[in-house]
Amino acid sequence: MAEFTLQQIAQRLELDRERGGDRVIRGVGEIDHASPEQIAFAESPDMLERVKRSAAALVLVSHDFPEVTERPVWRVENPRIAFLKIAELFVRRHGCDGIHPDASIHPDARLEADVSVGPRAVIGAGARVGSGSCIGAGAFVGDGVSIGRDCLVEPNASLLAGTELGDRVIIRANAAIGSEGFGFAWMQDHHHRIPQLGRVVIEDDVEIGCGSCVDRATLGVTRIGRGCKIDNLVHVAHNCDIGRHALLLAQVCIAGSSRVGDHSILSGQVGVSDHISIGNRVMVGGQSGVTKDLPDGETAWGWPARNIKKAMREQAAVSRLPDLTKQVRHMEKRIEELQAALARLEQPEQT
Amino acid sequence: MAEFTLQQIAQRLELDRERGGDRVIRGVGEIDHASPEQIAFAESPDMLERVKRSAAALVLVSHDFPEVTERPVWRVENPRIAFLKIAELFVRRHGCDGIHPDASIHPDARLEADVSVGPRAVIGAGARVGSGSCIGAGAFVGDGVSIGRDCLVEPNASLLAGTELGDRVIIRANAAIGSEGFGFAWMQDHHHRIPQLGRVVIEDDVEIGCGSCVDRATLGVTRIGRGCKIDNLVHVAHNCDIGRHALLLAQVCIAGSSRVGDHSILSGQVGVSDHISIGNRVMVGGQSGVTKDLPDGETAWGWPARNIKKAMREQAAVSRLPDLTKQVRHMEKRIEELQAALARLEQPEQT
Amino acid sequence: MAEFTLQQIAQRLELDRERGGDRVIRGVGEIDHASPEQIAFAESPDMLERVKRSAAALVLVSHDFPEVTERPVWRVENPRIAFLKIAELFVRRHGCDGIHPDASIHPDARLEADVSVGPRAVIGAGARVGSGSCIGAGAFVGDGVSIGRDCLVEPNASLLAGTELGDRVIIRANAAIGSEGFGFAWMQDHHHRIPQLGRVVIEDDVEIGCGSCVDRATLGVTRIGRGCKIDNLVHVAHNCDIGRHALLLAQVCIAGSSRVGDHSILSGQVGVSDHISIGNRVMVGGQSGVTKDLPDGETAWGWPARNIKKAMREQAAVSRLPDLTKQVRHMEKRIEELQAALARLEQPEQT
């Protein structure tokens, strides 16, 4: 377990003041559960009592947080970010300790300096792994796959031939990247596979969650743009193009040749039809089904996904629909009564 | 293949009578397909003809089942449960036959008595595997992972550092437990990872299906409560708390920090937003989207998920909506006619 | 990298004319990106300018495509299919080069001629692998599993005991076939597992995508019919029966004991309840929820899935619902005015 002195932590936060000296910190924790060897943080003034009761060695608070005497506090610009910076000190990449003797590495694979390969990992012919990258236990790196610097491939993930990873990419456990996707043509009496000869390019700083699948392109490239973050169990089909810094939440499903713009966010379980274009900075609400292009900046929701205001108006109208139905039935009666009354007036002799 | 005499099977069912003697049984089967070496069961009296025609060595029926002379039958309290008890005799855990020489086990791992580890499985430093547990081929057990007694981890499942399994837990093939989930904060020009330093605690008797993912907590614990059963391809995000004996069916997706109460059931493809609290004994219908808290005992459905009676009323109203629209259009005309007629009556000199 | 002369390629297309001679071709490409060593194709006459500008060695066009002099073209019956046939020449199954010394193969496994087994793959006791089949790195083939001829099992896929593959089956990376599915019975104080003793039968020419799961039957068989194609992250529960040449797109979820007929298509994220029967040649639109049987030839959509014309009529009515609501409110006022006017007419002395 990593440990740091309070002084080292003050340096990490670029706090010039001398604080805490050589007291040892062994982690971070939540305000209510932190141990005396951990650091916690508090954002809102109404957490004052919890700060007072906390067992933490130190609590990070903002400059305008109320006075605390019961407990050591450090006042910082942004307690949450300061906390994150400290937390990062304690992150350890398990299984990244050099080349394990039980790894299976092809003699033609090219491993740069400081590469780690876990037990039972497989690295194929012509594959290249950049310096500082870590290939987890049981992970598969296919023939000719290219992995940049400081990447992490977690255990049992599969990177098939034709996959290229930029720098600082993370592929989580049991993800499958670069397989042949769903391309078939009906020929007389069977679905005939359309060979998928393209590649998958995962740009710098991308993260792909556990169990997610990104298929290679039919021809050309399936691209995941720089800084894009993909959650667990997401499906990205052949020839898709996902923009920079886009977020695809868990179980999102994107059919072939669709495009998601930069900084767009697809919430959990969203489905996107094939050949759809979603613009930049679009937000799509959970479980929506995108069947038409969405312009830049749109916030969409529903099934099919449409402008959220319109969708919510419809949703509200549906929830009042049983009442509306009753109202119409009642109006129907009143109209009949009116007609009857009118008939009496028009032909008074008949009444 | 396991085999038992009818006498042994009678003992298993705690039937005190002497039956069947040493006839050999090699399995169980469906009434219509059972072989003469298998046992079948019949629940309902209208299965009488199928019982008569069955080739099974023996058919389990209830005490009030009609008279059968063509075939040996055993009358029991509950034929289905008796059948289950026999079926369990024939379950064999393949690949659970001791430590395979091709396993990769860290010298600092602690394996109790009667542990099995399959070929190509990896057990990390400081991991602990309780007695009677079986780690399947190619499965990954990360550094410091703790596994209780009589657990089964199926092939190619990944248990990352920070995972703790109780007793009798089953993790099915290709599941991924304990990875870092979807925690990011936007910082100027990129999504910055929030280190996920917490754990995953899987309590006793939990089962997690193939390909499912349970992320570790940011801080603290992601908890799967005792006796909970999780189907295939389910996503449980960081810091979720799933109650005891809850059922999460296939492809359920639960976002961060949400809570599902004891004995609750989420049907297939249900989505739950983050920070949602679902009470105890709640039932949520398939594909619903839970965006608001649900109280104890609620039965909810729809998108967004709401009380099922209300949801079905709305659903019924929507299916009649095209008719309602026509009705309103027709009423519009009648009102116009009424207005015209009234105008004639009010100003008769003008007609 | 494979290479062929133009003459060899002409033979592949069964073109009897002598063409191109010994010019070397090293792949296929898209019209706009093809290199001078690649072949491209153009389907529609409006691609004429792009054909002229293409760098491809050769462009396949239809017989009625406009005259091209700037670039070599071959006129064929169906340019797309001809292109596919050429593309298939360049497909290479990576990692299919014989038995790797790092594979773990049980002495009782039976491997026919020309079988490939990748590094870290595991083949259990009594398993059988047919000639020409390729088992990828890290894949698991359980005890007694039967694999036909010319199959491909991609890296880290898991085939558990009780799985049978026909010929030419493809199981993609990280898929899990033949595990015990979601079968439980509530007994007093816990969900009791119902032993799943059945099998999974995957017939000839089936393809199952990355991360997909097919559970074995409780008793009997879970069947995937001949020629069926299953996309990524699909769940098929115990005892399902999927018809011949059916297509299940990404993230489809089929609950226990349901049946999908021949040639039916379930689009992405469709959910099917348990014990449902979907007929032959049925099409179900994306994200639909099938909760009732669907007859042969039906095209269904929505939630719950119903005839698409009815569903779209309702959908259109919902999108006009806010307007309808306003219209009704306005009609309400007019009726009140009519009633008031009528009252004045009926009792003129009171006005």
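Let's start at L247(C). L247(C) sits in strand 29 of chain C, residues 247–248. Strands here are DSSP E runs of at least two residues, and helices are H or I runs of at least four, both numbered from the N terminus. This is a predicted model, where local features need pLDDT of at least 70, side-chain atom pairs count only at pLDDT 80 or more, and totals for chains, interfaces and linings use all residues. Residues are numbered from 1 along each chain as its sequence is written, while chains are lettered from A and ligands numbered from 1 in the order in which they are written.

Is L247(C) buried or exposed? Buried, because L247(C) has 22 C-beta neighbours inside 10 Å. The cut-offs: buried means 20 or more other C-beta atoms within 10 Å of the residue's own, exposed means 12 or fewer, partly exposed is in between, and C-beta atoms are placed from the backbone. Leaving out residues up to four places away in sequence, L247(C) touches K229(C) and I265(C). A contact means C-beta atoms, placed from the backbone, within 7 Å. Now look further off. A55(C) is 192 residues from L247(C) along the chain, and their C-alpha atoms are separated by 37 Å.

Next, pairing in chain C. Two strands pair if DSSP finds at least two bridges between them. Strand 16 (158–159) and strand 19 (176–179) of chain C run parallel, joined by 2 bridges. There, S158(C) has A176(C) as its bridge partner. Strand 19 of chain C also pairs with strand 24 (213–215) of chain C, again parallel, over 3 bridges. I177(C) stands opposite V214(C) in that pairing.

Over to chain A. An open sheet of 9 strands runs in the order 8-11-14-17-22-25-28-31-34, with parallel pairing. Which strands stand at the edges? Strand 8 (110–111) and strand 34 (277–278) of chain A; each has a single partner strand, so one side of each lacks a neighbour in the sheet. Inside that order, strand 14 (146–147) and strand 17 (163–165) of chain A run parallel with 2 bridges. I147(A) faces L165(A) there.

Now the core. The largest nonpolar core has 225 residues. Such a core is a set of buried Ala, Val, Leu, Ile, Met, Phe, Trp, Tyr and Cys residues, joined through C-beta atoms within 7 Å. Among those with the most contacts inside it are I123(C) and V141(C). V141(C) touches several residues, including V122(C), I135(C) and L159(C), not counting residues up to four places away in sequence.

Domains. Chain A splits into domain 1 (4–89), domain 2 (104–309) and domain 3 (321–350). Those bounds come from an automatic or database domain assignment. Over C-alpha atoms, the centres of domain 1 and domain 3 of chain A are 73 Å apart.

The contact between chains A and B takes 53 residues from chain A and 52 residues from chain B. Helix 5 of chain A gives the most to its side, with 12 residues.

Notes
Contact = placed C-beta atoms within 7 Å.
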